[in-house]
Amino acid sequence: MIKIEFTKAQYENLIKLLYLGNWMINAIRTDDIVKKYDDVEQHIYSFAKDVGLNKYIEFDSELNKFFPTTELEEDEEMEKYREEYDDEITDRLARRDFIRK
């Protein structure tokens, strides 16, 4: 077991980073979620309440799983990064398809 200490601000940034990373990897998937990344996200999310960041992470007792709150998903910074990613990937795919044709 490795012990790593974070300030509250660093932990908040880690939550956001995990949210964006797992979103990029798993948002397009339905039955084939990349479990190894989902597991890490769940582990880190499990400490959010202890750190006072439950405004970003909530626990669903029926599913026995942690989820980002609407506040995190709709965070201005998170939306900005998702939009930048979507725009960039769309441009790259369009360029690739144009070159192929």
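This is a predicted model: local features need pLDDT of at least 70, side-chain atom pairs count only at pLDDT 80 or more; totals for chains, interfaces and linings use all residues.
Q: How many positive and negative side chains does the chain have, and how far apart do the centres of the two sets lie?
A: Lys and Arg count as positive, and Asp and Glu as negative. On that basis the chain has 16 positive and 25 negative side chains. The centres of the two sets are separated by 6 Å.

Q: In what order do the elements of the chain run from the N terminus on?
A: The chain holds five helices and two strands. Read from the N terminus, the order of these elements is α-α-α-β-β-α-α.

Q: Why is the chain described as more spread out than a compact globule?
A: For 101 residues the globule rule gives 13 Å. The chain is well over that value, so it is more spread out than a compact globule. Along its principal axes, the C-alpha trace spans about 55 × 30 × 30 Å. The radius of gyration behind the comparison is 16 Å.

Q: What percentage of the residues in the chain is buried?
A: A residue counts as buried when its relative accessible area is under 20%. Among the 101 residues of the chain, the buried ones make up 26%.

Q: In which sense do strands β1 and β2 pair?
A: Strand β1 covers residues 57-60, and strand β2 covers residues 65-68. The two form a hairpin with four residues between them, and Asn64 in the turn has a positive phi of about 55°.

Q: Is Asn22 buried or exposed?
A: Asn22 has its place in helix α1, residues 8-26. Its relative accessible area is 9%, and the cut-off for a buried residue is under 20%. Asn22 is therefore buried.

Q: Which residues is Asn22 in contact with, leaving aside its neighbours within four places in sequence?
A: Contact requires heavy atoms within 4.5 Å. The C-alpha atoms of Asn22 and Val34, twelve residues apart along the chain, are separated by 8.8 Å. With the neighbours within four places set aside, the contacts of Asn22 are Ala27, Tyr37, Asp38 and Glu41.

How values were computed:
Residues are numbered from 1 along each chain as its sequence is written. Side-chain values use heavy atoms; hydrogens and water are left out. The radius of gyration is taken over C-alpha atoms; the globule rule is 2.2 Å times the number of residues to the power 0.38. Buried means under 20% relative accessible area, exposed over 50%, partly exposed in between (1.4 Å probe, protein chains only). The place of a charge is taken as NZ of Lys, CZ of Arg, CG of Asp or CD of Glu. Two strands pair if DSSP finds at least two bridges between them.
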